[in-house]
Amino acid sequence: MHYRVSHTTRYTYESTVTVCQNIARLTPYSNHNQRCLKSFFNIDPAPQCMRSYMDAFGNQVTYFEISRPHQELTITVVSEVEVKNQSQQELFKTDVPWDRLRDQIRASRDERTIMVRDYCLPSPLVPIIAGVQEYALQSFLPGRPLMEATRDLMQRIFTEFKYDPSFTTISTPLQDVLQHRKGVCQDFSHLALASLRSLGLPARYVSGYIETIPPEGEEKMQGSDASHAWFSVYSPNNGWVEFDPTNNLVPDDQHISLAQGRDFADVTPLKGVIFGGGKHELDVAVDVRRE
Amino acid sequence: MPSQAKREAAQDDHAKLEALLYQYGKSVRIAHDEMLASGDEHLIKPHWIPLMRALGRSAPEELEHKNHEARRVMRESGVTYNVYNDPEGRSRAWQLDPVPMLMSQEDWATIESGLVQRAELINLIFHDLYGKQRLLKEGLLPAEILYAHQGFHRACVGLYENAKPPIFNYTADLARGPDGKMWVFSDRTQAPSGSGYALETRIAMSRVMASEFRASQVRRLSHYFRTMRGALAELHGDRYDDPRIVLMTPGPLNETYFEHAYLSSYLGYTLVQGADLTVRDSKVWLKSIDGLSQVDIILRRVDDSFCDPLELREDSHLGVPGLVQAVREGNVTVVNPLGSSVVESPALYPFLANIAKAWLGEDLKMPCAASWWCGQKKERDYVLANLDKLVIKSIDRSACTVFGGSLSRLEREELRARIEANPLQFVGQERLACSSTPALVNGQITPRRVLLRSFLVASEGSYSLMPGGLTRIAPDNDSFLITNQSGGISKDTWVLTDQPDRQASLLPDPNSGSLQAGTETLLPSRSAENLFWVGRYAERSEGVVRLLRTVLQKLSDYDEYRDATDQACLRKMLSSLTHMTETFPGFVEPDNEEIFERPEKEIHAVAFSMEKPGSLISTLNALFYGAFNVRDLWSADTWRIIDDIGELISGMRAQKPSFFNLHNHIDTIIDALMAFSGLTQESMSHESGWFMFDLGKRLERALQVIKLVRNLLGDFNGPLEEQLNIEALMSSQESLMTYRRRYRLASSAMAACSLLVLDENHPRSIAYQILKLQDHCAHLPRQVKTVFTAHLNDEEKTLLHVRTVLQLAEPDKLVACDETDNTRPALLALLNEVESALLSVSVEISHRYFSHTDYGRQLAPQLTGEE
């Protein structure tokens, strides 16, 4: 599937910002699932300095500075991405018991598998929390194949947790999410990561977009899409396999990935430090179109 | 001396040494002693003999005197260590024991080769962990040792692919191990502190133990700093000859701020805080009063995670947003390199021997304390089974180091649970035996447990070890715990040598060409702002304290004679006091007669109340902290005076002096302020910093005189009262003598205005201050130099205008009275005009030179999935 994604972020400041330094992870990466055909930034006011580089997780990062006084900052990124249809049947066909895989990962001397162990550990936003292992073990029965167990975990999060944007903020602790059984895609993904990691399995956070299809007969509204998040789990035979707990599905060709890391903190789409500015307002518009 | 007498003296020396050793030997409690040969408690190691013989010759009083001297010298040099959680927020004077720790040449050579190898190895490990990570891939190091470390910053991975700045300063803590050799038990690779304290300790010791120092051949420390300076400049490669180097400190609240200030002035680098730097075009710039100036090398004392709020810890106010990017592009070199805290992990210890074999083809030369990382099952089981014998450390200092043996049963079980819940985070370490070394306690040479901190600097592809270090001893004979936070005592470390060691000068070699290039030290905007305010506070304190003195005199006059005219004058003085200190309502509250009946309470509060903003003591406090913020810019003597002011403040806060004591305190404060003022005039070189300081003083003085003249001469209530007012005014402005001499027979308001307002030659007049302000502004750097800009800045125009107004003023017209309300409208109008002009000058100066001094904030992040 061929998509055109446009993501606009606008900050409006109460008073003048004299300088700001920012980093963005808003360029889709290319891997075996998707290919980023083109992607460009449009920043207003124009930055005095702009660079891009690859971070430790393989994401493309854009650094930019604006050193002219401004009261509004608009960042638009337009990307064209080709997403392949992933064959899910294949994944489940070669499924192996999760506990065997876990031991295999621990003992492996294979370089790639050693590096993957970073994703087995707690991370800044996914700490070790009480009760999460018990929660996970309900899906991860001894000897159950990894893909199957993970799909079950995803399904349980989908049915047992309420999607509630009013409940969470950027800093809602994972413990609260587990306790109140509420959250948004970011929380559900973090919870899944905590569950998998509590069992010693490598799991990572994926940020990106999902194509939304309007109800029959209605025109899709401009900018109505949102940035989205899901997770992936690693197995030595299949590599990283993605799961979307918010929608209870294994992504095929409607998910466009931007960046991946240990948790949201590693892949924050846009952050910055400003000098001056007073209070500020934030406006985000995302538009995902089939081409 | 006849040979007989000589022999007798030698015999006497010998007896005294024997006695000293006998006493000492009795109290030695542990297997290894630095001075005594092991196994024989009376046999002294040869390299200790000359020192101990000299000390044995001294009477206990002499020794005690040395102890006293050591403390005094350290205090007077202002060597302090900020103690966290001290409610008074004061720093603690560095405790110094005058008996040095001696290291023989052979012992030192072993330590040196061991530490150099260790530093090289640690440097290799650092670059691998942030680079190709071969150690993990080849299985030489379990991956979790890196991944579970809070100090492993993913943002720094791949940062050093091109330029490979070394772990520039490496520090190791040493203690004697079971075999009597020195062992490492802790490494510092992030922003190691202590070398400045070692240097200051040496300087103090060469005064206190001058003869002993001369008699021993002790290796000099200055070589180390010279090497460090050369090596630091080299780091920049050959891009230019004269890189700009700054020392970045977390600021005056940091525990080792003294050292940062001290080293920066010793090494000749500008001392900066994060907010003094800015990233533009992914280069780092110093915000100085000359504008932005590019920085090439940052020697940082700020911890890794605080260095950049954009890519590292978001809540840091100590760093520079964009710094990581500037490093990534090779536009600045930061040492120690960002991310370096990972290699101070004690979890590395068990793996170092194998890494050394695999990578260097060598055995580890320096033993280190046996350590067990709990991330491995067998090791974890061992640690859990031996909790009471081991030291438990966190791999990244996210938890405190604890001695398992000193815990209660309950605490030990809690620790066990924490280890079991998160084993990757913990390391158990064998507790080193330590050795004891002679220390001076109550005039006696007594053994104390000892630790040594060694300092290495990367130079020419390897490392160079400071021939000396910071020795610390336990506070009593049984104590194991030795930290500065809990009150350890430090010692100088003398590394002895056969060869006389020449002192190295830190001044650049005049033939090397670097003199001509002469990077002038820039004044950071923040320092300029601090100096400006120190000037203002110093002047304000002086003004307030003088006015207080005049008020007290008036008060006692009035108490004696109960004269109505005295009372009228006193009231004016009191209201001036409120105006000058801005402690409203105070004596200007309308219809408050009571306060004038018994003014003592309010006067006392204006002097001593810390809760009253504007009071004398809080102004002095602001002066002290302002000065502390730019600790690096004061000469040693000036700092001594500032430190005295700090002592005065704590004294006043602690004693809560009574009103009747006010007089004594006033005199002491005036003395200190005058000493400060004198030293700043005489010993600060007249560069931008001094101009800023003096601008503050002049501006403040002008504003004070305006307030006083307005209060005391602004209206006319009969010649008798006016006479008293004039005298009070002149006396509070140190101008009474001049005034009397000049206008002996013709004292009048007109004469007073001529002297204090209009006379450009009188250093206390408003006109004189304006003249000085004009002069200082002309000396400050101009940031825009083009032919099109006006010759004068806005503030200079304002000053020129005010000066002209004052020159054109005619004294007789100024003092003319309004018949209806007895005020002097012309005088009041003039004072108001000058006052508002000066306030606008103050705003313009801060806008021009200090406007850079704000902090960055995080942009609100956007939540994913929010609809």
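Colleague: Which residue of S23(B) is the bridge partner of Ile274(A)?

Modeller: In this predicted model, the bridge partner of Ile274(A) is Arg857(B), which lies in S23(B).

Colleague: How many residues of each chain take part in the contact, and which elements of chain B contribute?

Modeller: Chain A gives 43 residues and chain B gives 37, residues being in contact if their C-beta atoms lie within 7 Å. On the side of chain B that touches chain A, the elements giving two or more residues are helices H5 (134–137), H6 (143–147) and H11 (323–328), together with strands S9 (277–280) and S23 (857–858) of chain B. By type, the residues on that side of chain B comprise 13 nonpolar, twelve polar and twelve charged.

Colleague: Why does the radius of gyration of chain A agree with that of a compact globule?

Modeller: A compact globule of 291 residues would have a radius of gyration near 19 Å, and chain A has 20 Å, so the two agree. The C-alpha atoms of chain A fill a box of roughly 60 × 40 × 40 Å along the principal axes.

Colleague: What share of the residues of chain A is called buried, and by what test?

Modeller: A residue is buried if 20 or more other C-beta atoms lie within 10 Å of its own, and 44% of the 291 residues of chain A count as such.

Definitions and conventions. Residues numbered from 1 in each chain as written. Chains lettered and ligands numbered in written order. Predicted model: local features only at pLDDT ≥ 70, side-chain atom pairs only at ≥ 80, totals over all residues. Contact = placed C-beta atoms within 7 Å. Helix = DSSP H or I, 4+ residues; strand = E, 2+ residues; numbered from the N terminus. Nonpolar A, V, L, I, M, F, W, Y, C, P; charged D, E, K, R; others polar. Pairing = 2+ DSSP bridges. Rg over C-alpha atoms; globule rule 2.2 N^0.38 Å. Buried ≥ 20, exposed ≤ 12 C-beta atoms within 10 Å, placed from the backbone.
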